[in-house]
Amino acid sequence: MLSAAQTARLLPPPPLPARDLSAPILLSPPHLTGREIAVLEASLASGWLAPAGPAPRAFEAAFAEATGFAHVLAVASGTAALTLAFRVLDIGPGDEVWVPSFTFIASVAPAVQMGARPRFLDVCPESWTLDPALLAAELWQAARQSRLPKAVVAVDIYGQCAALRAIASLCAGYGVALISDSAEGLGASQSGLPAGRGAQLAAFSFNGNKIITAGGGGALASDDPGLIAHARTLADQARSPAPHYEHTSTGYSFGMSSLMAAVGFAQLAKLGERVAQRRAIFARYQEGLEDLPGISFMPEAPWGRASRWLSAMLIDPAGFGMDADGLRRVLAAEGIETRPAFKPLHMQPVFRDARCIGGSVAEALFARGLCLPSGSGLEQDAQHRVIRAIRAAARG
């Protein structure tokens, strides 16, 4: 007679639980590696929780290796990284900061809070990022009128890098500082270099929806040791070296906690894999939808390789039969989360008095753009559900 254990081995395995095909499909949820619990436990056991100890330094070293930057400062958020970038460049009242209009408000908000005046520039259709030709024309005019900006911010969009080689050359020629807002660019490349390389300072984000997450957090990177040293002091409340609290300036409490750094360290090892997964997701959307009238996808710039952090498409209502917002609402009713393309900053009420150069490309992207579920953990059957819903909406 067979034992109970032997009998169990002969029986077929129990069926796997059925997938809930009606479960919500999120835009870009975190994708865990399986190592996060172990590194968190190790960090807790070490007794280091605050923005100090070995975990933040290990994360900074790993991030420097992954991106090629010589110096990295881990901070509490991508916005904190941008704030420090503007501070170390001494942005203040009366300074002009130029930024593409097609971006999130954090790209320029810290500079405005420091008293700077924003000027918005249009983006180019081939990349959806800052138009180098438009920037060149504006810098030439500004130089003639002795009103050059204090800084230009190039922004990586949806995992696509700005044309940093051309933009950096222009800025250097006029003596204008260049910041790369690469919050959405990690894992992408431009001119053979990782996102942000070529700018004086580059800011990154590890928010929960990013390709690599620490549950939050950010990083400021540079090849200039002096800039990062200054930023590190400001991030620690601008404390001067002394046995007591000594301050010659004011700063911030912007350090990344050890727990966030530990999670980010575990995630970073999967960066290449995550990029490959997101590019595959983008390719499946193209294959499944590009035959529909009125549908086109975000192009890949000729100077780089996008991470496809978010899969973004454009909808022509004349061909598709409804506009981008109509499709967004149809998909929401099916439990599918999407997001409109960025509303240009020059259209935002808070910047109603700011000057904008061009703007028609950014406005068209906002009117027609929609970002689809793009998380690297998105399973193919869930993605096919999105594709079927879009195709059904087109038929409707």
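Q: In this predicted model, how do you know which residues F102 is in contact with, leaving aside its neighbours within four places in sequence?
A: Contact means heavy atoms within 4.5 Å. By that test F102 touches V123, W128, I157, Y158, A341, F342, A362, L365 and F366.

Q: What makes F102 stand out in the largest nonpolar core?
A: This core has 77 residues, and F102 is one of those that touch the most other members, along with L84, Y158, F204 and F206. Helix α4 (residues 78–88) gives the core its largest share, seven residues. Apart from this core lies another one, of 24 residues, with I25, F320, L327 and I336 among them.

Q: Why is α6 called roughly parallel to α7?
A: Helix α6 (residues 132–144) packs on helix α7 (residues 164–174) at about 5°, and their axes are 10 Å apart. Angles under 35 degrees count as roughly parallel, so that's the label α6 and α7 get.

Q: Which residues in α6 and α7 meet, and what class are they?
A: From α6 you've got P132, L135, A136, L139, W140 and A143, and they meet A166, I167, L170 and Y174 of α7. The class count for this contact is ten nonpolar, no polar and no charged residues.

Q: Why are β10 and β13 called edge strands?
A: The open sheet has four strands in the order β10-β12-β15-β13, with antiparallel pairing. β10 (295–297) and β13 (339–340) each pair on one side only.

Q: How do you know that β12 and β15 pair?
A: Pairing needs at least two bridges. Strand β12 (residues 311–315) and strand β15 (residues 369–372) have four, in the antiparallel sense. In one of these strands, β15, L372 is the bridge partner of S311.

Notes. Residues numbered from 1 in each chain as written. Predicted model: local features only at pLDDT ≥ 70, side-chain atom pairs only at ≥ 80, totals over all residues. Heavy atoms only, no water. Axes fitted to C-alpha atoms, helices over the stretch in contact; angles between N-to-C directions. Helix = DSSP H or I, 4+ residues; strand = E, 2+ residues; numbered from the N terminus. Parallel < 35°, antiparallel > 145°, perpendicular 65-115°, else oblique. Nonpolar A, V, L, I, M, F, W, Y, C, P; charged D, E, K, R; others polar. Core = buried A, V, L, I, M, F, W, Y, C linked by side-chain atoms within 4.5 Å. Buried < 20%, exposed > 50% of the residue type's maximum accessible area, 1.4 Å probe, protein only.
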